[in-house]
Amino acid sequence: MSFLLQILLALIISLLGGLYILGAFRRRRPGEPPLDKGPLPWLGHVLEFRRDTAKFLERMRKKHGDIFTVQLGGFYFTFLTDPLSFGSVVKEARAKLDFNEFAKHLVKRVFGYHPIEDDHKLIQVSSNKHLMGDGLVVLTQAMMNNLQNLMLHRIGSGSTDDRSWQEDGLFTYCYNIVFRAGYLALFGNDAAKTPESLDKAKEVDRKESEELFYEFRKYDQLFPKLAYGVLGPSEKIESERLKRLFWNVLAVDKMNTKENISDWVSESQQTRDERGMDKSMQDRHMFLLLWASQGNTGPASFWLLLFLMKHPEAMAAVKSEVDEVLRETGQEVKSGGPLINLTRDMLLKTPVLDSAVEESLRLTAAPVLTRAVLQDMSLKMDNGREYKIRKGDRVSLFPYMAVHMDPEVHPDPHTFKYDRFLTPEGRKKTEFYKGGKKVKYYTMPWGAGVSMCPGRLFAVNELKQFVFLMLTYFEFELMNPDEEIPDMDVRRWGFGTMQPARDIPFRYRLRF
C-alpha cells in the first residue's frame, strides 16, 4: 500500500509541476496589469498572436486598456500601448529591462550564432563609428558606386535595347537592387587584378549578387516561422541548407579575398577573432550582419516608390527637390555625360524626401520591441498609475498600433501624406500631440533606446540614393495605373518593415 501511495504522490507532484509550467496557477496579483492567459495551456494566445499580431493586440487593448499581460508560448508578455508612457520602458535601466537577453535567443534560433560577452555593445560601438559621421560618408559613396554598377551599367553601351521597356514586379525589382548594392557596399567587391579587368570584376559582382539575392529571398520568406520556431519538416531542411550556403558564401576566408570591404564588417570580424571566436561562428556572424543590414531596406524602398507613384503631388515635390539638389552641385543627367554622384552632404539637403521616407516608414514599419524583465519592478504610466511587473516576464511595445496609427497623433493615419513631417516653413516637424501633451516617440520604425537600429542613417541613405537614381535616370510606371496599394503580409508583423501580400507589375526603361 505504501508503495502505491508513493507512486500516486509522485504522479500528483508531476501533474502539479506540469500544470505550474503550463501556467495553470498564475493569477493576477494586486497592482499588476490585467492578465489574459488565453484559451490554451502554455500556448495561451500565441496562435492568434501569430495569425495577426496587430488585430490581436487591438482586441486586447479594447478589452483591457493601455496595459495588459498575455501568455504567449509559455512566456508572459506585458504590452504597453500608451505612447505617452513609452519612456518608462525605453529609459528603464538595463538592470531591470534588458534587450540583449531576448535578442540572444532569437539570433541563436534564426542564424545559429552564439553571441560573445558584450556582443551587442561591440556592435553598437562599431556601428556608431562606421555607420555614422565620417564612416557614413565612406559607406554612402560605396553604396553609390554599387548602385551605379547595378542600375546604370548599360548606359553608353550602344545597344539598341538600352531604352526598351523592361517589365518586373515592383517589390522584386526594388528589393533586388537595394539588397545587392547594400551587400556589395558592406561585404566588398570582386578584386580587379588590373585596371583592364575592372569591367569584368563589376560583371562578377552583378552576377554573384543576383544569385545571392535569389537565395536570400528564400530564407527571408522562412524568417517569421524560423523566429517562432514552427518550421515544418521540409522547411527545416531548406532552412539548414540556406544557412550553410550563407555561412559558406560569407565565410571570413572568402571575404578576405574581396576588396572595398567596409570597415564595419572587417572590424566586427577582427574584434571577434581577437576574442577567440571560432572561424565557423564568425561566418555565422557575417550572415547575421547581412540580414540585419539588408532585410528591411529593400522592402522599405518598394513602399516608398509605390507611394510616390500613387501620389503624383508627392512625386512632383520630391522630383523638384532632387532636381534642385543636382543644380546646386552643378550636376546634370544627360546623354553622354558623366554619371551623377550623390554624396552624404547632398542627401542632407532633402527635407521633402526625408518627410516622404518617414511617412512611408510610419505606414509600413511594424517592429515589436521586447525587453526581458530581470527583476521585479514597476512601470509608471503617464496618468500616474503604477503597475507591478514580475521577474522572468517580458515587456513589449508595438508602436505601429500604439502611435503610428493613432489618429490623435497622426490625423487620417491610413493616408500617405508626403509632407506630414514638414513644418509650413519646410523644415523637419518634430512636434506631435496626444491629449494636449507632446509625444516624444511619435514614430519608432527603428526601435528606441538600447535597441534602436544603429544602421538607420545608412539605411535611409540607401533608400534616398535608390529613389534619386530612379527619378533621374528612368521612366517607370505601373502596368495598371489604377492598381490598388496591396495589403501587408500579416505573417510578418513584429519583424521590421512589412512586405506586401502580393507584388505589383510595373515597367521601366532608361531615359536615354
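Mentor: Let's start with D36, which sits in strand β1, residues 35-36. (Strands are DSSP runs of E with at least two residues, numbered from the N terminus.) Keep in mind that this is a predicted model, where local features need pLDDT of at least 70, side-chain atom pairs count only at pLDDT 80 or more, and totals for chains, interfaces and linings use all residues. Residues are counted from 1 along each chain as its sequence is written, and side-chain values use heavy atoms, with hydrogens and water left out.

D36 has a relative accessible area of 9%, so it counts as buried (under 20%; exposed is over 50%, partly exposed in between, with a 1.4 Å probe and protein chains only). What does its side chain meet? It makes a polar contact with the side chain of H45 at 2.7 Å, and another with the side chain of H64 at 2.8 Å. (That term means a pair of N or O atoms within 3.5 Å; within protein, one must be able to donate a hydrogen and the other to accept it, and residues adjacent in sequence count only if both atoms are side-chain atoms.) Leaving out residues up to four places away in sequence, D36 also touches M60, K63, T69, V70 and Q71, besides H45 and H64 (contact means heavy atoms within 4.5 Å).

How far can you trust the picture? The mean pLDDT of the protein is 93, and 94% of its residues reach 70 or more (pLDDT is the predictor's confidence in each residue, from 0 to 100). Residues 11-22 are another story: pLDDT stays under 50 there, and the model has 8 contacts for them beyond four places in sequence.

Now for the cysteines. The whole structure has 0 disulfides (pairs of cysteine sulfur atoms within 2.5 Å). C174 is buried, at 0% relative accessibility, whereas C453 is partly exposed at 24%.

Last, hop over to strand β7, residues 377-380, where M377 and L379 form a covered face and S378 and K380 an uncovered one. In a regular strand, side chains alternate between the two faces of the sheet. β7 runs antiparallel to strand β8 (residues 386-389), with 4 bridges joining them (strands pair if DSSP finds at least two bridges). M377, for instance, has I389 as its bridge partner. The two strands make a hairpin with 5 residues between them, and G384 in the turn has a positive phi of about 95°.
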